[in-house]
Amino acid sequence: MFDVTPEELEKISRQADEAMVKLGEAMRGLRDVTGEATAADGKIKATVEADGLVRDLRLDPRVLRTMGIDELSEAIVAALRAAQLSVRAQMEEQVRAVGIDHAAPLPMDPAEARARLNSLQADFVAALQSR
């Protein structure tokens, strides 16, 4: 199948160990990601955590006087979506920083992202062990 010398296998093993350390650091960092965004000229501020849940939503009292209910609702949704997109972008950047190539965007759920990365790790380890 593959002709791999013990030295090459040792090198591959060291590289895999280094990659796993980086992956672990990235995974820990994913839990700490938060996204913030504003709408309505900064009068609405949303903060979202890594799991997509809303941590905070702040409304400047002036928006209640200057916006109708539909416009206010749309602005709140816009701020929340922008904050969620910020979380997604940060998570993708952290994963990209450790050299993991991913074709599909990361899901907002960190547990699902962890499961995907653990699956990749298991496949890699299995491939190494089969040599």
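## The nonpolar core

A nonpolar core is a set of buried Ala, Val, Leu, Ile, Met, Phe, Trp, Tyr and Cys residues joined through side-chain atoms within 4.5 Å. The model discussed here is predicted. Its largest nonpolar core has 22 residues, and Ile44 and Leu72 have the most contacts inside it. At least two residues of this core come from each of helix H1 (6-31), strand S1 (34-39), strand S2 (44-49) and helix H3 (69-97). The greatest contribution is that of H3, with 9 residues.

Leaving aside residues up to four places away in sequence, Leu72 touches Ile44, Val63, Leu64 and Met67. As a general background, nonpolar side chains in soluble globular proteins tend to be buried together.

## Overall composition

The protein chain contains 4 helices and 3 strands. Read from the N terminus, its elements follow the order α-β-β-β-α-α-α. Of the 131 residues in the chain, 29% are buried. Among contacts between residues at least 6 apart in sequence, 48% join residues at least 24 apart.

## The sheet

The 3 strands form an open sheet in the order S1-S2-S3, with antiparallel pairing. S1 and strand S3 (54-59) are the edge strands; each has a single partner strand, so one side of each lacks a neighbour in the sheet. From one strand to the next, the twist averages 10°.

S1 and S2 run antiparallel and are joined by 6 bridges. Gly35 has Val48 in S2 as its bridge partner, while Ala37 is paired with Ala46 of S2. The hairpin of these two strands has 4 residues between them, and Ala40 takes a positive phi near 55° there. S2 and S3 also run antiparallel, with 5 bridges between them. Thr47 stands opposite Asp56 in S3. The hairpin of S2 and S3 likewise has 4 residues between the strands, and Gly52 in its turn has a positive phi of about 90°.

## A residue between sheet and helix

Beyond residues up to four places away in sequence, Glu36 touches Lys45, Ala46, Thr47, Ala83 and Ser86. The C-alpha atoms of Glu36 and Leu80 are separated by 8.3 Å, although the two residues are 44 residues apart along the chain.

## Helix H3 and its partners

H3 has 29 residues and reaches 42 Å from its first C-alpha to its last, close to the 42 Å expected at 1.5 Å a residue. Its buried residues include Leu72, Ala75, Ile76, Ala79 and Leu80. H3 packs on the sheet, where it touches S1, S2 and S3, and its direction makes about 150° with that of S1.

Two packed helices are described by the angle between their axes and the distance between the axes. The axes of H1 and H3 come within 9 Å and cross at roughly 170°. An angle over 145 degrees counts as roughly antiparallel, and H1 is therefore roughly antiparallel to H3. Ala26, Gly29 and Leu30 of H1 make this contact with Met91, Gln94 and Val95 of H3.

Note on methods:
Residues are numbered from 1 along each chain as its sequence is written. This is a predicted model: local features need pLDDT of at least 70, side-chain atom pairs count only at pLDDT 80 or more; totals for chains, interfaces and linings use all residues. Side-chain values use heavy atoms; hydrogens and water are left out. Buried means under 20% relative accessible area, exposed over 50%, partly exposed in between (1.4 Å probe, protein chains only). Contact means heavy atoms within 4.5 Å. Two strands pair if DSSP finds at least two bridges between them. Axes are lines fitted to C-alpha atoms, for helices over the stretch in contact, and angles run from 0 to 180 degrees between N-to-C directions. The expected span of a helix is 1.5 Å times one less than its number of residues. Angles under 35 degrees count as roughly parallel, over 145 as roughly antiparallel, 65 to 115 as roughly perpendicular and the rest as oblique.
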